[in-house]
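Student: I have a structure open and would like to talk it through with you. Could we go from the whole chain down to single residues?

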Amino acid sequence: MDDRSENHDIEVEGGNYAYERKISGILDDGSVGFQQPLLARNRKNTTSQIAIVGANTCPIESLDYEYFQAFFAFAGCNLILATAAASLCAFIAPAAAGSGIPEVKAYLNGIDAYSILAPSTLFVKIFGSIFGVAAGFVVGKEGPMVHTGACIANLLGQGGSRKYKLTWKWLRFFKNDRDRRDLITCGAAAGVAAAFRAPVGGVLFALEEAASWWRSALLWRTFFTTAVVAVVLRSLIELCRSGRCGLFGKGGLIMFDVNSGPVLYSTPDLLAVVFLGVVGGVLGSLYNYLVDKVLRTYALINERGPGFKVMLVMAVSILSSCCAFGLPWLSPCTPCPVGTEGKCPSVGRAGIYKSFQCPPNHYNDLSSLLLNTNDDAIRSLFTSRSENEFQISTLAIFFFFVYFLGIITYGIAIPSGLFIPVILAGASYGRLVGRLLGPVSQLDVGLFSLLGAASFLGGTMRMTVSLCVILLELTNNLLMLPLVMLVLLISKTVADCFNKGVYDQIVTMKGLPYMEDHAEPYMRNLVAKDVVAGPLLSFSRVEKVGVIWQALKMTSHNGFPVIDEPPFTEASELCGIALRSHLLVLLQGKRFSKQKTTFGSQILRSCKARDFAKAGLGKGLKIEDLVISGEEMEMYVDLHPITNTSPYTVLETLSLAKVAILFRQLGLRHLCVVPKTPGRPPIVGILTRHDFMPEHVLGLYPHIDPLK
């Protein structure tokens, strides 16, 4: 290298900025080597200049440095957007924080947690996600879009919202559990289809990850929903192709086109793919472990109030801004690739190549990843334009940045998805491996990047079929199907040896009683009566109003067994189950009698079916809403009209493993346990999903080995 130094002045139009660079010499290939830059504003000169200053520079006192002003503007904008997103989540809808996929998955399993699908959650999810992504956090919009689709479907399934005066009478036909569950499944599939522009992937995501119960009718309904999403999305993309909608629609229905012609691979390439899968599984399981620890730590902070939630978000925002603005200084400038004239660097417009502090015809590869949109960063990593477009050190720094900052960011009080951070980390890791294995592999670095993203997705989320189809629809590269399948299967198998998928861990951490599709091994050693919780609270067919009111006030049970007793029957027998919501409607109507006689036909004539329809969030009756006089407390009510007279029952001696599978497959809320021998009370107890949770069973029998 020649050690000569030169001074250059370059005239440009617009602005009065100066670049102070020292030319360290002329490289062997004829390019110029630079030391660190310094962006400044020239006070004295009124003409616009860019100066590359060598040994004999202008006086330092004449320069007014603006790096700190630029950083404060950058970090300040991010902080304002982050605070807006955090305030919405902390003060309006705390349930909107996170991706929302674990909550949707839990709801479709039969868990109706408070406000997870409320209209306020929908509002905060939409605008909080916009603010969070715009604030520069390492988060994605895909998980929140799944939750958004489920919220919209729930709003339709409950007939709209009376609180916000958005109701439609024709939607009351969907006000039952099965139809509402089907609508929410379709909404989740629509969210995936819209986020990834992958309609078939949305159907498979709903089948593989979201829904707990599947049937053939639901298949074509979700397929129809995602087809409509694809048509509408395509229409909007065509409408916005002229640029009237900003960056929306860029890339058409193929977001990351990596179709680079025939894909040829040999035995060394297959070994490299296996290596990617194994390492992706290990890194994915470690990612899940760290996310779980961080979430538990954040839970302790968030419990202290909304103010602490907002301050935590602000702290993470400042950290993200410092890393995004500071790390590019570690990367040297790179000459623009051949054939990118007019596109490299991108100054004053959206583009892949960011100049940052570099001179003309050069770009900073690390800032091109950190200071770009997530979609553009993924598109850059997946590209096969130039093998040396990103240096090995840049890929390593970016991987650690996305990996650890993604862990730190997930769990704060903003809507945040995991798909994009995981894809970014996996793509950078895969491209890094591709650069290292370049001499022995025929696959280009773009395909290695795609396979790295697949391995990391499989290691964290443990999905296979849906992820495979989503990646193929994203990249338009069907020739990669065998390798993507292989790397997904390997990464999932390796990661399963360490822990559960990230969404399953979050469901467990939130304490949601999720029912798995298999029974635990120790359940084979127990029977149904071993886990029945007591004492059992039951009602007679004709019961005193005061007894019912006291039971509803003192307990939170949602189902009560109703027993027929003499003189209405010859012997005591199980009549069925009465739901709490139905009992409240019956008491509110005050259809009582002073005599202990059956009068169910009168109740049936005075009630309508829609009176007992499932209410929306916050609309249901509560025991505090009832006003019952002392005289009415001594009266009687016939429970037979509101009783489910054909409940599912099992014998008390049936294996708990079989009972758990039956409970889950039938989608039950209550399961009656009846005695095996006559001459005993007609019911032993009622099983709910809480009775099958490992914490409950192992708490009753601590001596049982959970693995046997």
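Predicted model: local features only at pLDDT ≥ 70, side-chain atom pairs only at ≥ 80, totals over all residues.

**From the whole chain to single residues**

Student: What share of the contacts with a separation of 6 or more comes from residues 24 or more positions apart?
Tutor: Contacts here are heavy atoms within 4.5 Å. Taking those in the protein chain with a separation of 6 or more, residues 24 or more positions apart account for 75%.

Student: Are α1 and α3 roughly parallel or roughly antiparallel?
Tutor: Helix α1 (residues 67-91) and helix α3 (residues 119-134) pack with their axes 8 Å apart, at an angle of about 160°. Angles over 145 degrees count as roughly antiparallel. That is why α1 relative to α3 is roughly antiparallel.

Student: In the contact of α1 with α3, how many residues are nonpolar, polar and charged?
Tutor: On the α1 side, the residues include Leu 81, Ala 84 and Leu 88, which belong to a group meeting α3 residues, among them Phe 123, Phe 127 and Phe 131. Sorted by class, the contact of α1 with α3 has ten nonpolar, three polar and no charged residues.

Student: Is Asn 361 buried or exposed?
Tutor: Asn 361 sits in the loop between β10 (333-335) and β11 (362-364). Its phi is positive, near 65°, although the residue is not a glycine. Most residues other than glycine have a negative phi. The relative accessibility of Asn 361 is 55%, and the cut-off for that class is over 50%, so Asn 361 counts as exposed.

Student: And Arg 462, is that residue buried or exposed?
Tutor: Arg 462 is in the loop between α14 (445-461) and α15 (465-475). Arg 462 has a positive phi too, near 60°. Its relative accessibility is 9%, and under 20% is the cut-off for buried, so Arg 462 counts as buried.

Student: Which residues does Leu 700 touch, not counting residues up to four places away in sequence?
Tutor: Leu 700 is part of helix α23 (residues 694-700), and at 42% relative accessibility it counts as partly exposed. Leu 700 and Asp 530 lie 170 residues apart in sequence, yet their C-alpha atoms are 8.7 Å apart in space. Leaving out residues up to four places away in sequence, Leu 700 touches Asp 530 and Val 531.

Key: Residues numbered from 1 in each chain as written. Heavy atoms only, no water. Helix = DSSP H or I, 4+ residues; strand = E, 2+ residues; numbered from the N terminus. Buried < 20%, exposed > 50% of the residue type's maximum accessible area, 1.4 Å probe, protein only. Axes fitted to C-alpha atoms, helices over the stretch in contact; angles between N-to-C directions. Parallel < 35°, antiparallel > 145°, perpendicular 65-115°, else oblique. Nonpolar A, V, L, I, M, F, W, Y, C, P; charged D, E, K, R; others polar.
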